[in-house]
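Colleague: I would like to learn how to read a model of this kind feature by feature. Could you take my questions in turn, giving the general idea and then the case at hand?

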Amino acid sequence: MSKPRVRFAPSPTGYLHVGGARTALFNWLYAQHTGGTHVLRIEDTDRERSTEEHTRIILDGLRWLGITWDEGPYFQGEYAARHQADAERLLAEGKAYRCFCTKEELEAERAKAEAAGTGYRYSRRCFKLGAEQVQERIRKGTPSTIRFIMPDGEIAWDDAVHERISFQGRDLDDFVILRSDNSAIYNLAVVSDDIAMRISHVIRGDDHISNTPKQIALYRALGQEPPVFAHVPMILGADGKKLSKRHGATAVGDYQEQGILPAAMRNFLALLGWSPGGDREILKGDEMIRLFTLEGIQKKAAVFDTTKLEWMNGQYLSALPADELLEPVRRQLEHMKVKIDRDIVPMIESVKARSRTILHVAEQVAVRLDPDRSVLDAKGEALIRKMGSAFARNLVLASGPLEAIGPQEWTADKLLETLRTVAESHGLKLGDVMQPVRVALTGSTVSEPVNELLAVVGRERALRRLEETARRWGGGESAA
RNA sequence: GGCGCUAUCGUCUAGGGGACUAGGACGGGGCCCUCUCAAGGCCCAAACACGGGUUCGAAUCCCGUUAGCGCUACCA
């Protein structure tokens, strides 16, 4: 048996939508799993809306996600001649006919049908035209499209995810396959290309189910065996409607900007509408490939839950060694215009377990590079209010012994020991001295252990910041 | 309206006739750990849409109802 050939076929009329990204992922996973071939085809036949910019963004998005392709990108627009030839062949074989109806006439037919409350179906008016009438109109230069003769009878297939799906030919239209400008309509272009590219499995969104019987009819008319179809469910917004712009971030690039890691995005997307069975959640790349089957794809549409995505990203963030995070964090810091004058790997290390996105990591690293960047948050403010004069006093209490620590001894262990001693010698709880330090350095009551924080910020900057903060909140009282 | 698809905790899902007192994860609540938070550990609340069949037995199979979604172009 020959290896499967699958394709991802986006149209470059917009950004790479997470739904499209997931379709691409499933195609890629299937090709990887079976040792098959993944073809990338850009469906740019809609000249009005397709742009090179969109094509570039889509390719970038796929690369970012680590989705590769073995062939292409092919551009559908380059196959116009074959599409036209296929349409004309169907015409010659009596499987299609010329239609001279104008858009206005068709519009009127449709409106009439709608008013009558009946389902619209093309009247086949032009099908009834005699050969001479057709010739005459062509001679006169009347524009015409080519319509495919939709055969009656059942058209059914065994969908790889939905099992059997059946349509009746009589419910379907004699649809247009070639426009009056000789360009192909989607359904023809797709079938023509999929045949030419010997695609064996069509894995695509659920919204194409109603196109499938038309395409199968086209395969048959063209004397070809249809491929296996696998229709994957839609991705919905939190309100249960098809995910769209108004739900917020829907483009893969948005998540990249929000500091999501590609591996986490891939994992999350894979689990949206597919399950390896059992309790597995975190799947590394090769594991995903090994486990992937079409049968594991869900029939039901899935809601895109950003909270779970962020949780998953946090999992990857915690698990990844800090130096592997260096590049994306550095890029983000540059974007934030933060000067990096020290090794930030230790800072990433001490902060990543508490973060859900790269953005979040970068923000915290920025504060550790320069505590003056810290912004007092509500919790920090509340602590200062609650402690009153003790806030600055305890800060001063800690500063002396801290200052006594030499640059060489400025380590997390030594710092912890010192802070313990400070607390004990003044009958304070550890938190009474640690929390003010934490707020002084970060503006918040939340961070890694304070001794680690001090170590990572560095002696000079930490001491200076402590002193400044104590002075600022000392409120004129003598603090000794 | 027509045609089609779908239906398990709020969300993602496990489940493919008896192992179900329906499992896991996110989110929520609580406890432990603890200088705070996160992580981690433990615990709690939370679902088989409804109605008929088939069967000794149904979340699982069949039919219907309801609801949601998709398509219904000389867009893709």
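Colleague: Which residue takes a positive phi just after α19?

Modeller: This is a predicted model, and in it Gly 458, which comes just after α19, takes a positive phi of about 100 degrees.

Colleague: How confident is the predictor, and where should I be careful?

Modeller: Where pLDDT is low, the predicted coordinates should not be read in detail. For chain A the mean pLDDT is 91, with 98% of the residues at 70 or more. Over residues 476-480, however, the pLDDT is below 50, although this stretch has seven contacts in the model beyond near neighbours in sequence. For the model as a whole, the scores are ipTM 0.93 and pTM 0.92.

Colleague: Which residues other than glycine have a positive phi here, and where is there a cis peptide bond?

Modeller: Most residues other than glycine have a negative phi, and most peptide bonds are trans. Arg 198 has a positive phi of about 50 degrees, and its place is the loop between α6 (186-196) and β9 (201-205). Lys 337 has a positive phi near 60 degrees and sits in the loop between α12 (322-335) and α13 (345-351). The cis peptide bond is the one that joins Gly 72 and Pro 73, with omega about 5 degrees, and Pro 73 belongs to strand β3, residues 71-75.

Colleague: Are Arg 198 and Lys 337 buried or exposed?

Modeller: Arg 198 counts as exposed because 11 other C-beta atoms lie within 10 Å, where the cut-off for exposed is 12 or fewer. Lys 337 is exposed too, because it has 7 C-beta neighbours inside 10 Å.

Colleague: How many residues of α19 are buried, and against which elements do they pack?

Modeller: An α-helix has 3.6 residues a turn, so residues three or four places apart point the same way. In α19, seven of the eight residues are buried, which leaves the helix mostly covered; they are Val 450, Asn 451, Leu 453, Leu 454, Ala 455, Val 456 and Val 457. These buried residues pack against α13, α14 (358-369), α17 (412-425), α18 and α20 (459-473).

Colleague: And what is the case for α9?

Modeller: Helix α9 is also mostly covered, with nine of its 10 residues buried, among them Met 265, Arg 266, Asn 267 and Phe 268. Its buried residues pack against α1, α2 (52-65), α8, α10 (285-291) and α11.

Colleague: Where does Ile 260 lie, and why does it count as buried?

Modeller: Ile 260 is in the loop between α8 (252-257) and α9 (262-271), and it counts as buried because it has 26 C-beta neighbours inside 10 Å. Leaving out residues up to four places away in sequence, Ile 260 touches Tyr 255, Met 265, Leu 309, Asn 313 and Thr 357.

Colleague: With which residues is Arg 147 in contact?

Modeller: Arg 147, in strand β5 (residues 145-148), is buried, with 25 other C-beta atoms within 10 Å. Apart from neighbours within four places in sequence, Arg 147 is in contact with Ala 96, Tyr 97, Cys 99, Asp 174, Phe 175, Val 176 and Ile 177. Arg 147 and Arg 98 are 49 residues apart along the chain, yet their C-alpha atoms are separated by 6.2 Å.

Colleague: Finally, how many residues surround RNA strand B, and which are the closest?

Modeller: There are 66 residues around RNA strand B, and the closest are Ser 11, Glu 43, Tyr 186, Ser 275 and Pro 449. Elements that give two or more residues to this surface include α4 (103-116), β7 (163-168), α18 (430-442) and α19 (450-457). By class, the surface near RNA strand B has 22 nonpolar, 25 polar and 19 charged residues.

Conventions. Residues numbered from 1 in each chain as written. Chains lettered and ligands numbered in written order. Predicted model: local features only at pLDDT ≥ 70, side-chain atom pairs only at ≥ 80, totals over all residues. pLDDT = per-residue confidence, 0-100. Contact = placed C-beta atoms within 7 Å. Near = placed C-beta within 6 Å. Helix = DSSP H or I, 4+ residues; strand = E, 2+ residues; numbered from the N terminus. Nonpolar A, V, L, I, M, F, W, Y, C, P; charged D, E, K, R; others polar. Buried ≥ 20, exposed ≤ 12 C-beta atoms within 10 Å, placed from the backbone.
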